[in-house]
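Thanks for asking me to look this one over. Here are my notes, in numbered points, to read with the model open beside you.

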Amino acid sequence: MKTVIAIDSFKGSMTSMEAGNAAAAGVKAVFPDAEIVVRPLADGGEGTVEALTTGMGGRMETALVSDPLGRKISASYGILEKNKTAVIEMAAAAGLPLLSKEERNPLHTTTYGVGELIRDAIRKGCRHFIVGIGGSATNDGGVGMLSALGFEFLDKSGQPVRNGAAGLADLAEIRSGHVLPVLKECTFRVACDVENSLCGELGCSSVFGPQKGADEKSIRQMDQWLFSYAQLTKEHFLQADENCPGAGAAGGLGFAFQSYLGARLEPGIRIVSEETGLEREMADADFVLTGEGRMDEQTAMGKAPVGVAKLAKKHGCTVIAFAGALQEGFAVCHEIGIDAAFCIQKRAVSLEEAMDRDAAMQNLTDTCKEAFRLVKAVVGVPQ
């Protein structure tokens, strides 16, 4: 019997690999001879760097970079040494949580620190990049990131434009003569789970601007500036497409990656599953175990466990999910491929108790053991 395990982190409690190993112990308690494969799981958002780096035997690195307001901070990213791949979350350098509510203003926030992370990874030998671009505090079209890599964005007088979306109002010229030459050797896979265009009613300014501190006036202005930026970009890069699904992700960072760096914008779960060989392991598996800290109707709307289930069903696997809490609406996940779901709590407990790492791991092991006792009672020992 072969079981493949890919469980998302239980935020604030278990990492993806800790949850996977805890579930594996439960299976082994019932089927000692089972073949078990544990893979890290993330969807490109928070936790992706840790999941992929630790799960694939990589190492964590830190770099001194600029935060959204240009202040120096220490940001972490991962390196997978085997194939010289850097795993980066843009939020480590330009994320909304780095700012207080009073500081949030996309007219002035920059993605420059994201470019500094890429530059640091290049200096350490990386030529391939996996970048998650969720949770940004920015709306600068990725100009900050690109500037850190050597692209020049100049005003009419030939001076660099200001940081943030406001700088796009002055943009008159783009130069690429001082871009890092090694970028030609680099490939980028960008985890992007939104399909918003760069501009318009469904563009980044209109949809995501308010949560970043933009008012109605600045939303209209930023949308116009980004449109002009896109037209100027297309004079230099024929592949530039402001309507590309995901171009509006992270305040236009998706557009910058696609247009200037030739990146592929892809669902995070696809990138993670391909990089870890997850679907390949499912090809001859009997069971696939997945889950996350809380399962509800939101899980069915493209979150990582459902992505795992869809892959598993392509290969006829039985899919069992485990969660710290099963909330109203979770049953809709059955329609998308999760055959059964179990809450790992044994009794009513406080949130603090539920999130205790050691207790959570033991609860997951015990719940998985009971689920597979049922498997054994119903079907015996699968071959």
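1. One aromatic cluster is made up of Phe151, Phe153, Tyr229, Phe237, Phe255 and Tyr260. Please keep in mind that this is a predicted model. Across the whole structure, a search finds 12 aromatic pairs.

2. Let's start with Tyr229 and Phe255. Their ring centres are 5.5 Å apart and their planes stand at 70°, so the pair is edge-to-face, the cut-off for that class being over 60 degrees. Tyr229 belongs to helix H7 and Phe255 to helix H8 (residues 253-260), so this pair links distant parts of the chain, 26 residues apart.

3. How exposed or buried are these two partners? Tyr229 has 1% relative accessibility and therefore counts as buried, since the limit is under 20%. Phe255, at 0% relative accessibility, counts as buried too.

4. Tyr229 has another partner to look at, Tyr260. Here the ring centres lie 6.5 Å apart with the planes at 15°, so this pair is stacked. Because Tyr229 sits in helix H7 and Tyr260 in helix H8, the pair ties together parts that are 31 residues apart in sequence. Both tyrosines, Tyr229 and Tyr260, are buried.

5. In soluble globular proteins, nonpolar side chains tend to be buried together. The largest core in this model has 65 residues, and Phe129, Ile133, Met145, Phe153, Tyr229, Phe257 and Leu261 have the most contacts inside it. Helix H7 (residues 216-234) gives the largest share of this core, with seven residues. Apart from it there is another core, of 27 residues, with Met1, Ala22, Ala34 and Ala360 among them.

6. Which residues does Ile133 touch, leaving out those up to four places away in sequence? They are Gly44, Met90, Val190, Ala191, Cys192, Ala249, Ala250, Leu253, Gly254 and Phe257. Phe257, like Ile133, is listed with the residues that have the most contacts inside the largest core.

7. Finally, do take a look at helix H11 (residues 304-313). Eight of its 10 residues are buried, so the helix is largely enclosed by the rest of the structure. The buried residues are Ala304, Pro305, Val306, Gly307, Val308, Ala309, Leu311 and Ala312.

Key: Residues numbered from 1 in each chain as written. Predicted model: local features only at pLDDT ≥ 70, side-chain atom pairs only at ≥ 80, totals over all residues. Heavy atoms only, no water. Core = buried A, V, L, I, M, F, W, Y, C linked by side-chain atoms within 4.5 Å. Buried < 20%, exposed > 50% of the residue type's maximum accessible area, 1.4 Å probe, protein only. Helix = DSSP H or I, 4+ residues; strand = E, 2+ residues; numbered from the N terminus. Contact = heavy atoms within 4.5 Å. Phe/Tyr/Trp six-rings, centres within 6.5 Å; stacked < 30°, edge-to-face > 60°.
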